[in-house]
Amino acid sequence: MEVTNNFVAIKAKIEGAPQESDFELKSEPFSLSVKPGSKDIIIKNLYVSIDPYQINRMKSYSFSQKASEFATGIVPGEMIDAYGVGKVVASGHPDFEKDDYVVGLISWGEYCISQGLILNKLNPLGLPLSYHVGVLGLSGLTAYAGLFEICKPKKGEKVFVSAASGSVGNLVGQYAKNLGCYVVGCAGSQKKVTMLKEKLGFDEAFNYKEETDLHLALQRYFPDGIDIYFDNVGAKMLEAAVANMKLHGRVSVCGVISEYTDSGKRAAPDMLSVIYKRIAIKGFLSGDYLNLFPEFLSTTIDQIRSGKMHVLEDVSIGLENVPPAFVGLFHGDNVGKKIVQLSND
Ligand code: NAP
């Protein structure tokens, strides 16, 4: 059977902050049958992840495009691959069958074809499918690995996380709180600040947009210094955090979203203080820590089921909402994991 597959594409390379007009909805005829002899998996996309790193794939040049097969450049007019959950419509692949749920690389479209690369069968474990896009997917693994593997937090240590109401940030804060750390987050609105403290139990939170001096803001919340900084934003916040680190502090560099849309912005931390305070600064990719997935999954599901972990999701419905959802990431429109539901199960 043949259907029309609608998908979202970029019209041209995007150099600054993305706008909805940079995107178009395209259509193409799409066969729901597998060609005889092929190992194709035909997938109906159900929930797709909306992630900041995609902007770096949409540029003419970004270092990330050559550094990771997950972050290659996106070609204008073509389908955009993205993490998400789907359902198999037909399969010539021995590991996948019709009606299997799958998680991994699907697309910003109604249907996609996979050869099984970065795709796994999904057992929803009695939890909503959308959880497997965010809290139990790559966002969750990113928070878990970046905090526990890179920063090795200990009970009582002082943790600062930026973009704290976002997908990765809120989980970092919650993991650290559940371990018994003192946790401060920053976010871009008073409403988010209140949510972090009242709903997620952060010890403190502040609106970075209202601070004229980030060094002083961090001194206020960490008079004795920061043990761990989980960086989601880069630039001035990274400089201010480094300046406030304790001796032997650890910085997990997860993302630098404030630099993605402004090529002139770059963090220039005081490296002499890095040396004399023996601060460890480490970048990482969640894909490096897939070995932790089983441990991450069981720990996180336990925390969700026992009520110690709140699941923050921000779900839009319909393919046409992919561009505004993506653009909104760079304006702080989302609270928690931004997901677009593309179809009902
Ligand atoms: P997210 O935090 O859910 O969404 C992005 C948030 O960033 C926005 O809600 C906004 O919140 C904040 N933001 C946007 N522009 C900003 C700016 N100019 N300055 C400061 N904050 C800004 O996104 P996410 O998926 O969890 O990703 C968070 C970071 O982790 C990103 O840098 C991403 O690239 C990175 N990441 C890395 C990996 C990895 O493997 N290393 C994996 C996933 C994500 P406010 O209201 O607070 O401004």
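This briefing covers the overall build and the salt bridges of one protein. The model is predicted: local features need pLDDT of at least 70, side-chain atom pairs count only at pLDDT 80 or more, and totals for chains, interfaces and linings use all residues. Residues are numbered from 1 along each chain as its sequence is written, and side-chain values use heavy atoms, leaving out hydrogens and water.

**Overall build**
- The protein has 11 helices and 15 strands; these are DSSP runs, with helices (H or I) of at least four residues and strands (E) of at least two, numbered from the N terminus.
- The C-alpha atoms fill a box of roughly 65 × 45 × 35 Å along the principal axes.
- Buried residues make up 54% of the 345 residues. Buried means under 20% relative accessible area, exposed over 50%, and partly exposed in between (1.4 Å probe, protein chains only).

**Salt bridges**
- The structure holds 13 salt bridges; each is a side-chain nitrogen of Lys or Arg within 4 Å of a carboxyl oxygen of Asp or Glu.
- Asp-100 and Lys-121 form one at 3.7 Å, N to O. This pair links distant parts of the chain, 21 residues apart: Asp-100 is in the loop between strands S4 and S5, and Lys-121 is in strand S7.
- Asp-100 is buried at 14%, whereas Lys-121 is partly exposed at 46%.
- Lys-177 and Asp-203 meet at 2.9 Å, N to O. Lys-177 lies in helix H4 and Asp-203 in the loop between helix H5 and strand S10, so the pair ties together parts 26 residues apart in sequence.
- Lys-154, Glu-157 and Arg-250 are linked in a network of salt bridges. Glu-157 is buried, at 11%.
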